Amino acid sequence: MNYHKISQEIKDIAFRLLADKEVELVLGFGKEKFSGQSTPLITSSPEKAREMIFDENCAMMLANYLREHAGKKVAIIAKPCETRAIVAYLAEDLLVRDRVTIIGIQGCTGVKDNTACQECTVREPVLADYTVGEPLTDEVEAQDDLSLEEMSPQERLEYFREEFSRCIRCYACREACYACYCPVCFTDSNRPRWVEETLGINENFTFHLMRSLHMAGRCINCGACEVACPEGIDVRALAAKLYRVSRDLYSFEPGMDPEEKTLFATYDSEDPQPRFID
Amino acid sequence: MAKTFEPKIIAFLCNWCTYAAADLAGSSRIQYPHNVRVVRVPCSGRIDPFLLIKALNSGADGILVSGCHPGDCHYLNGNYYARRRLVMFQELLIFAGVEEERLNFTWCSAAEGKRFAEIVEDVVEQVKKVGPWKGFDGRGFQEKGGMVLHELS
Amino acid sequence: MARSVLVVGGGIAGIQAAYDLAEMGVPVAMLESRPSLGGRMAQLDKTFPTNDCSTCILAPKISDCYNHQLVTTYTYSELVDIEGEAGDFKVRIKKKPRYVIPELCNGCGECAEKCPVKVKDPFNEGLDQQKAIYKLYEQGVPNIMTIDGEHCLKITRDRCGLCEKTCDKGAIDYNQKEEIIELDVASVIFAPGYEAFEGGVVGEYGYKKHPNVITSLEYERFLSASGPTGGHVVRPSDGKEAQRIAFLHCAGSRDVRMDHNYCSAVCCMYSIKQAMVTREHLETIEALDLYYMDIRAYGKGFESYYNQAFDTQGINFYRNRVASLDQDRDSGDIIVKSLNEDGQSQEQKYDLVVLSVGLKPQPEIIELMKRLKIRVSKYGFAAMRGEEPLSTSRPGIFACGVAAGPKDIPEAVMEASGAAVMAAEVARTDKLGLPAAEEGEYTFTEFQRPRVGVFVCHCGNNIAGVVKVEEVAEKAKEIPFVEHSEDIRYLCSEDSLELIAQQIKEKGLNRVVVASCTPRTHEPLFRQAAARGGLNPYLMIMANIRDQNSWVHREDEEGATIKALDLVRSATGKAIRARALSRSKVENMDRAVVIGGGVAGLTAALQLARIGFPVILVEKEAELGGQARDMFLTFQERAARNLVKKLTKEAEENANLHIYASSKVRKVEGYVGNYTLTLQSTEEGKDQEVEIQGGTVIVATGAGELITEEYLAGQDQRVISQKDLDVLIRDNRLEPVPQKVFMIQCVGSREEDRQYCSRICCTQAVHNAIYLKERFPDMEITILYRDMRTYGFFEDLYRKARKLGVRFVLYEEEQKPEVRADRDSLKIRYRDLVSRSTVEEEAQLLVLAKAIVPLEGNRELSQQLKVPLNEDGFFLEAHVKLMPVDFATDGVYLCGLAHGPKNISESIAQACAAAGRAAAVLGRDYLLTEAMVATVNEELCSACGTCEEVCPFKAISVEEGADAAQVNTVLCKGCGSCAAVCRSHAADLLGFTNREILDEIDALFWDREPGKVQAGGVAHGKDI
């Protein structure tokens, strides 16, 4: 990917949209001053928009910020996975289409330190008003990570116990996820108490199971949760499993069509039930 | 003295079909193992998978969910929606390492009293095979004990 | 209020009629000759075309009807006599002795276990045995025993008496005598049902002689999970699993020899169903062969069901005439000899042969009707007139279901609702309507610390014989929040109920746990007991320790006792979270809006106006009458036009009825009890918007005729439709009289894009052909058809047409006839199946049976009313079997062609049904919501709208721009789908809240104490 060229195109479009008052706000990435990393740059100033960049460090999901700005006319720099998040928001009626201007990045080859990018099949924007960069000419090899599937159930149970034993319940995974937006998370619910706040393998395990159930049919497998985890826990594995189940059993992949009903909002009378008792 | 393992299985049954089937097994005096504890719900569509996780967290050795056969739902289509959620739940928990034998889902009509008894028998046998559920942490339930009563309104 | 109505028959039709009447506020006496309600439907395993479990859908209906405050049920009773006239009948009922006191018997069945006498079980068609004291079937309502007086040793020979000794409730009374009861009723509805032909109806089939030849009703019991073989299809001769099964259609039907020349209307479909269900049971089955004359899949959804069966591997259809059945002496196999379409003989061997026997009236009912001066048709059914399909010849007496002719369940249900409204018209004295029960006043307990009272029932020996009830009651005292616990011999007895009420008051209990039988039957009773004690009834929670415990763990006293205590804990867990609930009142308008002014709409509107409700009738055209205006030969040669005239005149004169002609619905808002419709009305060429309001809406928008160019339609004036022919005949314009006439059936029906049968065309074609043939005997008429679907009594017409010399030629979908035209004549090429050659013939007139198609406007109206269409584009009812005129959305009803193809009589019956269903709502001063409804915590709601998507009743929604979902409690039925999909747990279901269910689960484990209880559940054994 030619990040320089893409960054230039982004700057131009963002500047023009703000200067012409077509949008009130642009969500993009800027350079972190010291580390050389990227950071969200959300601005209403055309001048400031000229500081926007895009490179392989821009791992964060800017789409997460769309909900809080849902009332305004906003433009967003969106990686293909983020366009899916936006489509999923539209499907859940959380955004109004004509209030969002999508500047889609074409030919995405993934971001740094995100294992999900290796499983990604969506390399071009699903929905965009402007596109930047060049579409990929070759098929990119995408491979599901099935290493856990090959283990025995007992091994998997041990694996997750080990992983979740490190969880400090900072909820960074939750915060990083585009699809986590309940006004009150079940973790904070007292009546009833779905999961104890205390740390413990049982509680941590329960939390991650419940969180991934909430992602069922909604997770776009973007990997933001995994990137966000300070403990390096494999927090994506459970939701990614459900992503695969949804895709393989129901041919449903969220965030591809704003008109399509979400997985649990519809059914087919011939839906499979592979492990049910006959 | 060693005791044989008698699992507790929580069965979530819809009011209109499977709960009626369980009643029919009763009035027909069809015998089955006592290990099942029934939670009556109006429809299999009422079942939030969180409730099933909580059942395992409470200490159930296995769960059984059964509603009206697809197409027979008293509320027209509750079981169709339920099916997707239950399938996803089942796949997730098996992936997380919970033995498949503990996670039982089926449909059973109000006329299938005998079948209900057979299902229970089968499920109990399966769960006995995999042994007690020791929780996601593997520590068993003996340490928890007592009454975990949530604060009242 | 209103005077009473007598409903004769407690099958599905009788139940529906009785329930609808009661809901209209009309007191009902319901009569059933057998000991339990349910009729034939209770015997069925599954129902076509949805393969619904029969019991699952029927049982709730029975219970609603039986428990209705205005329904008095007389089971095991027969009608003796009716005197007087409409509005003032005196009826005499014979109550047969049950030898059991209904008030004391709780149907536990202990007596039957002890009874030494075995007799054939009639419910299972004699395929197995029952005792001389019995329940007709396990789920039977009322849930009480009956002694078979013909076989009981005590009654016949004054010996035995075991049942009396077993029953410690003292419910046996050998001295009961037959009783005659006299009732005053205003009107009577006949719904006596039918009996199936005997298996021996066709002598050649060797029923009884060959054990492996059985009737379809016997087969149905084989299929049933609660039948004699537990759902296994086995051969009676040797118990071997059947691998090859033949179904012989029309066993006794369409057969002049038997005096059943009529078609029994349901056999094709039930045979297909039986084949499909068998295949489901046994995927590896070798052959399911259906021998038929015509497949009459004419009802809604039937054709695609047939197609599905046709495409199912292992199910084969043979249009063969069966010549004989022989038994292979050694194997018991049945050899079926038949002639195929080409006249060649075939021979096949089967394990089992099922005779698809037809429906006929019971001889005693025929006798009864004759005695009551009710006109009976030549086949013994009540004789009805086309324009009044629900009225018998005796004023004030109506008939529904198979009483008036063979028909399937949805039609029987429709007629029942229709007959109900007609009877209500006779019975009403002033405004109809069910007076709603007032909510009781209860002590406020919501925020008090729970004080639970536990009551454990012995149920005589039923529970106490297995469970150590005293121990359970004692241990229950240790459960948190339990303030009181005791065990009682029979909790359902009057003094026990009073005791519960007393204890609530004395001990200050604010929650009650009743550990006894199943809540499905006894919850209402114990709720009332709680209410008597001043407690909100929803604070009573039941633990089912009989049906799901002591009865099923009889050999395991310890296990059953542990379980009983667990269930009491669990119920306590739920009880402490239980909330006081109530049903709330919602404003209700008594005005109905009927959309569509054809025969169906007019009938529905008038029927409602006649019983006193204001009605607004909306018609898009300037003139009322719809399709029927152009019909002539439709029924019994009576002009439909006259009917339209009569109805229109009455509509214009009825003060309750307001007509908006030239008006279209533009917008619909609101819900049951409170609809607002915006109409676009054209008056004197000017458009204007009108707003109208009503409590219910009836959709009667009709349908259209297919526009096609197939077979030169619309291109050559010698090619016309059956409807056109009808008009030509009416106007005497058939000039010049054609010499040769061809008719082609199924034009646009039963095809890839229109997979349904248009139902009326076969009869219409035959009807028109007869007319022509009688006027012009020399005219040559050929009807090219695929299956001749002259169902029911229309079979007589088919026979008559054949007799008159009308030629019937089969064609197949793959080889349709071809038509070309030249100046002199039409040339019709078709494949003759008998001669296996292609023939071309001339004709001067070609009449096409064009499909009935749904209106284009259906889609818009369906969106406005938020009701669905089926895949063919017709409106889709809530349940094809048991709710044929209701939508899932309360307060909206459906009738006529908008629902699907049907003839005028059927439209009229369905229109009456829609009126009946609507009247039950319109008559209420206000509507009551359910108590257990969804609720939304707005603070938690993220307005994602998933709940709205999954709600089948449109009861929860996120309005445009709203931050939270809202529940319309009038529409909510309490299924809880919304609660289950709600990620933020904002939606919850009262009565089954997350907290209730969670503590119901958690409480199961409250017995675990540190150190004492080991992992899993290893040691709960000795904790008690």
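Start by selecting Glu100(B) and Arg275(A): their side chains meet in a salt bridge, 3.0 Å from N to O. (A salt bridge here is a side-chain nitrogen of Lys or Arg within 4 Å of a carboxyl oxygen of Asp or Glu.) Before moving on, note that this is a predicted model, where local features need pLDDT of at least 70 and side-chain atom pairs count only at pLDDT 80 or more, while totals for chains, interfaces and linings use all residues. Residues are numbered from 1 along each chain as its sequence is written, chains are lettered from A and ligands numbered from 1 in the order in which they are written, and side-chain values use heavy atoms, with hydrogens and water left out.

Now widen the selection to the whole interface of chain B and chain A. The count there is three salt bridges. Next, colour α3(B), which brings 15 residues, the largest share of the side of chain B that touches chain A. (Helices, H or I with at least four residues, and strands, E with at least two, are DSSP runs numbered from the N terminus.) In total, 40 residues from chain B and 48 residues from chain A take part in the contact, meaning heavy atoms within 4.5 Å. Together the two chains bury about 4300 Å², 65% of it on carbon and sulfur atoms; buried area is the accessible area (1.4 Å probe) that two parts lose on being put together, summed over both.

Pick out Lys8(B), Arg29(B) and Arg46(B): they supply 12% of what chain B buries against chain C, more than any other three residues. Lys8(B) also forms a salt bridge with Asp1007(C), with the closest N and O atoms 3.9 Å apart.

The structure holds 15 cavities of 30 Å³ or more. (On a 1 Å grid over the protein atoms alone, a cavity is a set of points where a 1.4 Å probe fits but cannot get out, and lining residues have an atom within 4 Å of a point; points are joined across faces, edges and corners, and a volume is the space filled by probe spheres set on them.) Which residues lie nearest the centre of the largest cavity? Select Leu213(A), His214(A), Phe264(A), Val981(C) and Arg983(C), out of 19 lining residues. The volume of this cavity is about 210 Å³.

Terms used:
1 Å grid on protein atoms, 1.4 Å probe; cavity = no way out; pocket = protein on both sides within 12 Å on 5 of 7 lines; lining within 4 Å. Points joined across faces, edges and corners; volume = space filled by probe spheres on them.
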